[in-house]
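Welcome! Here is a short tour of one protein model, written for someone new to reading structures. Keep the 3D view open as you go.

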Amino acid sequence: MLGIAVIVLLIVWLKLHPFLALMLGAGVLAVAAGLPYTDAFVSFTEGLGTTVAGVGILIALGAIIGKLLIESGGADQIVDSVLARTPVQRLPWAIAFAAFIIGIPLFFEVGVVLLVPVVMLVARRSKVSMITVGIPALAGLSALHGLVPPHPGPLIAIDALGADLGLTLGLGLLVAIPTVAISGPLLAKPMARWVPLDPPTEILGAGEREEGAKRPSFAVALTVVLMPVVLMLARTLAETVGFQDSGVGQVLDFVGTPLVALLITALASLVLLGSAQGRTRSQISKLVDSSFAPIASILLIVGAGGGFKETLVDSGVGDVIAGGLADAPISPLLAAWLVAVLIRVATGSATVATITAAGIVAPLAEGLSPTHVALMVLAIGAGSVFLSHVNDAGFWLVKEYFKMTVGQTFKTWSLMECVLSVTALIVVLLLSLVI
């Protein structure tokens with residue numbers, strides 16, 4: 001536990017960047033486990049390289065797709081199309097649905113920046129509280145961020161536990177639906193009474209969007225969003241039904257491989273959201289280039305997390321901790337959730353919580369069925385979003401965008417994250433009883 005304690009200390013008290021904290025924590029862990037100090041970072045560098053080679057490429061491809069969705073107006077088109085067909089009383093559900101859809105390929109922070117101006121506009125036009133329409137949007141984005149690949153957290157846990165990506169994706173979407181419904185539109189109704197916020201008078205970020213630009217149709221934008229989901233689920237379906245050895249099955253197995261599915265989608269987005277919208281090849285190339293800068297920090301943290309996980313495995317510390325958890329009179333899924341919760345509350349980072357928890361509980365996944373390994377990934381993801389508070393950048397992002405006090409942010413955003421996390425865990429545990 002010394003390495004984990006060092007990470008928490010460095011991030012929480014010294015405010016060190018998670019990349020450096022994970023690296024130093026891995027070194028301390030290796031030495032404490034009895035490895036010579038000259039070999040303290042051998043496992044770390046191996047794990048970092050393996051993680052970036054696998055998960056890092058998927059994150060980069062996802063960033064390209066997200067960038068083109070935003071710059072082309074495709075994400076806006078999805079949101080506007082959903083809202084245009086919705087009566088006022090159904091707006092919270094429509095906002096949650098829109099956030100659910102665009103949350104599949106977009107990182108949480110990007111989704112927040114994209115949706116907040118829409119939420120403000122809807123609140124002002126409909127004369128409803130920001131909480132009424134804002135909480136459903138945040139719930140949709142947060143649930144997808146924690147539960148569904150190709151987001152970094154689920155990808156890291158899938159890699160660490162050896163879970164099937166397509167199966168985890170399908171189960172993640174299944175878990176996310178009731179989770180978003182309960183922690184979003186249903187919870188927003190009483191929250192709006194607890195924390196009354198008047199409709200905004202100014203629309204933050206509304207003037208930053210390109211006026212008059214040609215947008216892709218709703219069908220085109222939705223096709224890009226759902227393409228990797230469909231390809232990966234088709235591969236899983238072929239394996240489940242048992243025709244993966246046929247000609248069609250082999251094709252589905254290839255195109256449904258996560259790397260290939262996201263590569264196909266990224267290339268399709270260059271055409272559908274780039275050249276088809278009148279952009280030149282040079283402009284598209286610049287958009288792709290600009291999509292990488294925002295994920296540099298994420299890639300480093302993810303890579304360092306992979307290095308820390310590898311150190312846990314090679315030093316045998318992970319087996320010791322997992323052995324203690326295995327002997328505890330609780331479900332492995334609940335144990336995985338609790339570990340992620342503790343690290344999330346201590347560090348404030350969902351990614352660090354996922355990385356560390358996945359490394360600790362990976363031995364518990366051995367011997368479990370593929371379905372239950374996937375559910376363990378989702379349990380970790382659910383725990384990683386529990387109780388966002390003052391040590392989480394997302395807490396301050398939401399506070400500033402919604403113009404709330406710290407107390408109001410705790411009563412809304414922080415509470416919503418707790419309800420979301422617990423609801424997702426309950427759904428995961430219920431699924432584990434029937435599948």
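## The nonpolar core

The largest nonpolar core has 143 residues. Leu138, Leu161, Met376, Ile380 and Met416 are those with the most contacts inside it. A nonpolar core here is a set of buried Ala, Val, Leu, Ile, Met, Phe, Trp, Tyr and Cys residues joined through side-chain atoms within 4.5 Å. Buried means under 20% relative accessible area, exposed means over 50%, and partly exposed lies in between (1.4 Å probe, protein chains only).

This is a predicted model, where local features need pLDDT of at least 70 and side-chain atom pairs count only at pLDDT 80 or more, while totals for chains, interfaces and linings use all residues. Residues are numbered from 1 along each chain as its sequence is written, and side-chain values use heavy atoms, with hydrogens and water left out.

Let's look at one core member. Leucine 161 touches Ala358, Ala362, Ala365, Val373, Met376, Val377 and Ile380, leaving out residues up to four places away in sequence. Contact means heavy atoms within 4.5 Å.

## Helix 12

Helices (H or I, at least four residues) are DSSP runs, numbered from the N terminus. How far apart are the end C-alpha atoms of helix 12? They are 20 Å apart, which agrees with the 21 Å that its 15 residues (258-272) should span at 1.5 Å a residue. The expected span is 1.5 Å times one less than the number of residues.

The buried residues of helix 12 are Pro258, Val260, Ala261, Leu262, Thr265, Ala266, Ala268 and Ser269. They pack against helix 3 (42-72), helix 9 (165-194), helix 10 (218-241) and helix 11 (247-255).

## Valine 31

Valine 31 sits in helix 2 (residues 18-32). This residue counts as partly exposed because its relative accessibility is 41%. Beyond its neighbours within four places in sequence, valine 31 is in contact with Tyr37 and Ala40.

## Two positive phi angles

Most residues other than glycine have a negative phi. Leucine 387 is not a glycine, yet its phi is positive, at about 45 degrees. You can find leucine 387 in the loop between helix 18 (370-383) and helix 19 (393-402). With 26% relative accessibility, leucine 387 counts as partly exposed.

Lysine 403 also has a positive phi, near 55 degrees. Its place is in the loop between helix 19 and helix 20. Is lysine 403 buried or exposed? Lysine 403 is exposed, because its relative accessible area is 65%.
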